[in-house]
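Notes follow in the order I took them.

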Amino acid sequence: MGLSDSEVSRLLAGEVPTDDPGVPEVAAFLSDLRASCPPAPVDDAVRRAHLAAILQEAGRVAAERSSRRRRGAPRAVLVVVAAAVSLLTAGVGVATALGGHPLELLPGLRLAPPASPRSSEPAPPA
């Protein structure tokens, strides 16, 4: 027996839908339950206490989520830095494997001292 939301609402309101053969039994059970356990009136003080408890719990859950979010930020930075270092290391490895020097990729960087001019004259004494 499967009931839709509208059928459940009708059953709880005391109406009996006739679509399902098992529904009259459920309706009879709910009627007996309502007769043996009538709803008690709720005091305003109880309502206020319940509302205060709900608001307190909602605040606690919101604070916990916010602290989790703050703890996640340094972790995200660490992951980004680790990924960047890994990619850089892989790039250096590939450049070296292809026979190049990885630092040659940096503009303006000299890897060797400038070539001395070739001349037949001896270098002046220092």
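This is a predicted model: local features need pLDDT of at least 70, side-chain atom pairs count only at pLDDT 80 or more; totals for chains, interfaces and linings use all residues.

**Entry 1: salt bridges**

I started with R47, which forms a salt bridge with D44, the closest N and O atoms being 3.3 Å apart. I then checked where the pair sits, and both R47 and D44 lie in helix α3 (residues 44–97), three residues apart, about one turn of the helix.

How many salt bridges does the structure hold? I get three.

Next I went to E57 and R60, whose side chains meet in a salt bridge at 2.5 Å, N to O. These two are also in helix α3, three residues apart, about one turn of the helix. E57 comes out as partly exposed at 39% relative accessibility. R60 is partly exposed too, with a relative accessible area of 42%.

R60 turned up again with E64: their side chains meet in a salt bridge, 3.1 Å from N to O. R60 and E64 are four residues apart in helix α3, so about one helical turn separates them. I noted E64 as partly exposed, at 36% relative accessible area. Which residues do the shared partners join into one network? They are E57, R60 and E64.

**Entry 2: a nonpolar patch**

I looked for nonpolar side chains on the surface and found a patch formed by V77, V81 and V85. Together they have about 260 Å² of accessible area. I followed up on V77, which is in helix α3. Is V77 buried or exposed? V77 is exposed, since its relative accessible area of 53% is over the 50% cut-off.

**Entry 3: helix α2**

At 1.5 Å a residue, its 14 residues should span 20 Å, and the end C-alpha atoms are 20 Å apart, which agrees.

Then I asked myself which residues of α2 are buried. I have V23, A27 and L30. Seen down the axis of α2, the buried residues fall within an arc of 65°, so they line one face of the helix. What do they pack against? The partner is α1 (5–12). On the other side of α2, I listed E25, F29, D32, A35 and S36 as exposed.

I also picked out P24, which has its place in helix α2 (residues 23–36). P24 is partly exposed, at 42% relative accessible area. I took one distance from there: the C-alpha atoms of P24 and L11 are separated by 9.3 Å, and the two residues are 13 apart along the chain.

**Entry 4: the whole chain**

Last, I stepped back for the totals. I count three helices and zero strands in the protein, and read along the sequence the pattern is α-α-α. Buried residues make up 8% of the 126 residues. The accessible surface comes to about 10,900 Å², and 64% of that belongs to carbon and sulfur atoms.

Methods
Residues are numbered from 1 along each chain as its sequence is written. Side-chain values use heavy atoms; hydrogens and water are left out. A salt bridge is a side-chain nitrogen of Lys or Arg within 4 Å of a carboxyl oxygen of Asp or Glu. Buried means under 20% relative accessible area, exposed over 50%, partly exposed in between (1.4 Å probe, protein chains only). Patches are made of residues with over 30% relative accessible area and no salt bridge: like charges are joined within 9 Å, nonpolar side chains (Val, Leu, Ile, Met, Phe, Trp, Tyr) within 5 Å. Accessible areas come from the Shrake-Rupley method with a 1.4 Å probe; for residues, only the protein chains shown count as cover. The expected span of a helix is 1.5 Å times one less than its number of residues. The arc is that of the directions from the helix axis to the C-beta atoms. Contact means heavy atoms within 4.5 Å.
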